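Please look at the structure on the screen while I talk.

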Amino acid sequence: MFKKGDVISKLILVLFAAILLLMVLGGRLFTDIEEEAYESEETDRIVVGVSQLGSESGWRTANTESVQNVFTKDNGYFLLFNNARQKQENQIKAIRSFISQRVDYIVFAPVVETGWETVLQEAREAGIPVILMDRQVDVTDKSLYVTCVGSDFVEEGERAGRWLEKDLRKRGMDKETVNIVVLKGTEGSSSQIGRTIGFSVVASNHSNWNILEQEYADFTSAKGREVMEVFLKKHPDIDVVISQNDDMTFGAIEAIRDAGKTVGIGGDITIISFDAVNTALEMVADGIINVDIECNPNQGEYLSRVIEMLENGEKVENQYYVEENVFTIENVTRELIEERNY
Ligand code: AHR
């Protein structure tokens, strides 16, 4: 005779095994369908393999959407999309898989700048043009990629510095000691490197700008909050926060408020942010963020134009910069926020 308890635990086990089997089969089925669809494609569509570095920020979501909206069937494309979840090894794997599937173009947003030579060499040997999106790679042989569509991150950093110069002058604080902390993005990424360099160039002209700390916070809200909490405990006298993206800014503002301080126009701490996603622009309009240096994620159209040029045998530049702006309470309107798609 079976005990009631034994029967129940066996039933649970069977149920668990069945769920597991379904999950595995489901996964296999999904991959098979995707591959089958690609293999049986009539090849008049342009096959593009896109390796996105992750989904760490609101900006990244908008960047992914912009690519997915442009590489569509209606526009004559077949898109193979992979999200690398912030890992360079996943991006390398995805690129190798695009090579073995013999895509027509590889587009990728490199999570960091170094470590790409080998896989880019493999793409070149397979005769597949590589286009960089958003960020740069640090390789000696620049012909390993065709072009890069992205932002001028050094210029963005300088814009932040120039805005601070002007603001301090306006407030008659340009001779006073100004205590600054910097929340930096993903270590080794072009956006982190460029924005840091750009801001430092301007800061080096001001001996009264006292950079207390610079710390990596991975471009995420959670890490922005965590690092800001540490800054606040160590330094009771912070005047300015430079946060290299909006997500980190959101976390940092929470930490500042929890510490009993105020932010923005007329507040204890001036907030300088990057990206200018809609939620942040609302905070600019409300005087919570003092300035937001735009980073434009709408790169899909630029990428498809580049591919069109390559298809027509036209020569392309080795860098295309997207258009970007600087937003303060003076130029952010509700209409502008409503019109924007990010
Ligand atoms: O490389 C662009 C940066 O990456 C954006 O500023 C940030 O939000 C994203 O994660």
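In helix 5, Phe153, Val154, Glu156, Gly157, Glu158, Ala160, Gly161, Arg162, Leu164 and Glu165 meet residues of helix 6, including Ser191, Arg195 and Phe199; contact means heavy atoms within 4.5 Å. The residues of this contact divide into 8 nonpolar, 6 polar and 5 charged, with Gly counted as polar, Ala and Phe among the nonpolar, and Asp, Glu, Lys and Arg as charged.

This is a predicted model, where local features need pLDDT of at least 70, side-chain atom pairs count only at pLDDT 80 or more, and totals for chains, interfaces and linings use all residues. Residues are numbered from 1 along each chain as its sequence is written, and side-chain values use heavy atoms, leaving out hydrogens and water.

Now the ligand. Which residues surround the ligand? Among them are Glu56, Trp59, Arg60, Phe153, Ser191, Arg195 and Asp275, each with a heavy atom within 4 Å.

The protein covers 100% of the 280 Å² of accessible area that the ligand has on its own, by the Shrake-Rupley method with a 1.4 Å probe.

Note on methods
Helices (H or I, at least four residues) and strands (E, at least two) are DSSP runs, numbered from the N terminus.
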